[in-house]
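Have a look at the model before reading on.

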Amino acid sequence: MLLDAQDSQLVLVDYQQRLMPAIQHGDAVLAQAVRLARIARLLQVPTWVTEQNPAGLGATVAPLQELAGQPLRKMAFSAAPQLLPRLRPPARATGGNARSLPRHLQKPPDAEPERPCIVLAGCEAHVCLLQTALDLVDEEFDVWVVTDACGSRAERSRDAAFDRLAGAGCELVTTEMVAFEWLRSCEHPAFREVLRLVK
């Protein structure tokens with residue numbers, strides 16, 4: 001199964017000012033997250049950013065602040081409670097009046113298109129990212145974890161998280177895999193711009 005930009009949402013977990021210096025290869029991890037956010041913007045993929053205890057870990061790092069909207073602040077390690085109301089389209093109310101058909105004969109209202117594929121990256125991979133991913137899997141989303149945009153203070157913790165996520169049914173991908181699957185073709189109107197970002 002390939003990713004489709006029309007079915008995707010990007011979630012970037014806890015790239016924060018006081019956390020990133022402690023992350024193994026933090027600069028490279030952040031560079032991939034910024035690349036993902038730029039590609040998502042070009043391809044009109046909704047993007048969400050979370051912050052864990054911003055009073056303690058600081059705000060989202062500047063490059064991501066410029067690319068994403070208002071961060072979703074949290075104290076729990078999983079961001080699922082803050083994300084779920086945004087990841088699912090709101091149900092539309094059925095209209096009608098006294099002369100309407102009985103409810104069982106009415107056509108269901110057109111739902112907003114769903115985007116069930118969550119492309120997820122963040123820090124720390126074995127804590128907030130892992131718990132968010134597992135909660136989203138429990139909520140029946142398809143979760144794609146972008147491994148080169150994830151980090152932990154220790155590589156062993158990060159790698160253990162990847163093993164557990166794969167075992168739980170998450171797809172493990174890289175930034176380039178996401179970019180080219182969202183594009184699907186070199187004839188895509190945004191191909192050259194995305195290619196510049198990837199290279």
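## Helix α5 and what follows

Start with helix α5, which covers residues 125–138: Ala125, Cys128, Leu129, Leu130, Thr132, Ala133, Leu134 and Leu136 are buried there. Keep in mind that this is a predicted model. After α5 comes Glu140, and its phi is positive, near 70°.

## The nonpolar core

Which residues have the most contacts inside the largest nonpolar core? They are Leu12, Tyr15, Leu64, Leu165 and Trp182, in a core of 64 residues. Helix α1 (residues 26–42) supplies the largest share of this core, with eight residues. As background, nonpolar side chains in soluble globular proteins tend to be buried together.

Leu64 is a handy one to click on. Skipping residues up to four places away in sequence, Leu64 touches Leu12, Tyr15, Leu30, Ala33, Val34 and Ala37.

## Thr60, a loop residue

Thr60 sits in the loop between α2 (54–57) and α3 (62–67). Is Thr60 buried or exposed? Its relative accessibility is 2%, and buried means under 20%, so Thr60 counts as buried.

The side chain of Thr60 has a partner too: it makes a polar contact with the side chain of Glu51, at 2.8 Å. If you ignore neighbours within four places in sequence, the residues in contact with Thr60 are Tyr15, Gln16, Gln17, Val49, Thr50, Glu51, Gln65 and Pro71.

## Glu66, out in the open

Glu66 belongs to helix α3. With a relative accessible area of 60%, Glu66 is over the 50% cut-off and therefore counts as exposed. For a sense of distance, Glu66 and Val34 are 32 residues apart along the chain, and their C-alpha atoms are separated by 9.8 Å.

## Arg86 in helix α4

Next up is Arg86, found in helix α4 (residues 80–87). Arg86 has a relative accessible area of 38%, between the 20% and 50% cut-offs, so this residue is partly exposed.

What does the side chain of Arg86 reach at 2.7 Å? That would be the backbone oxygen of Gln82. Leaving out residues up to four places away in sequence, Arg86 touches Gln9, Trp48 and Leu72. Pro46 lies 40 residues from Arg86 along the chain, with 9.9 Å separating the two C-alpha atoms.

Definitions and conventions
Residues are numbered from 1 along each chain as its sequence is written. This is a predicted model: local features need pLDDT of at least 70, side-chain atom pairs count only at pLDDT 80 or more; totals for chains, interfaces and linings use all residues. Side-chain values use heavy atoms; hydrogens and water are left out. Helices (H or I, at least four residues) and strands (E, at least two) are DSSP runs, numbered from the N terminus. Buried means under 20% relative accessible area, exposed over 50%, partly exposed in between (1.4 Å probe, protein chains only). A polar contact is a pair of N or O atoms within 3.5 Å; within protein, one must be able to donate a hydrogen and the other to accept it, and residues adjacent in sequence count only if both atoms are side-chain atoms. Contact means heavy atoms within 4.5 Å. A nonpolar core is a set of buried Ala, Val, Leu, Ile, Met, Phe, Trp, Tyr and Cys residues joined through side-chain atoms within 4.5 Å.
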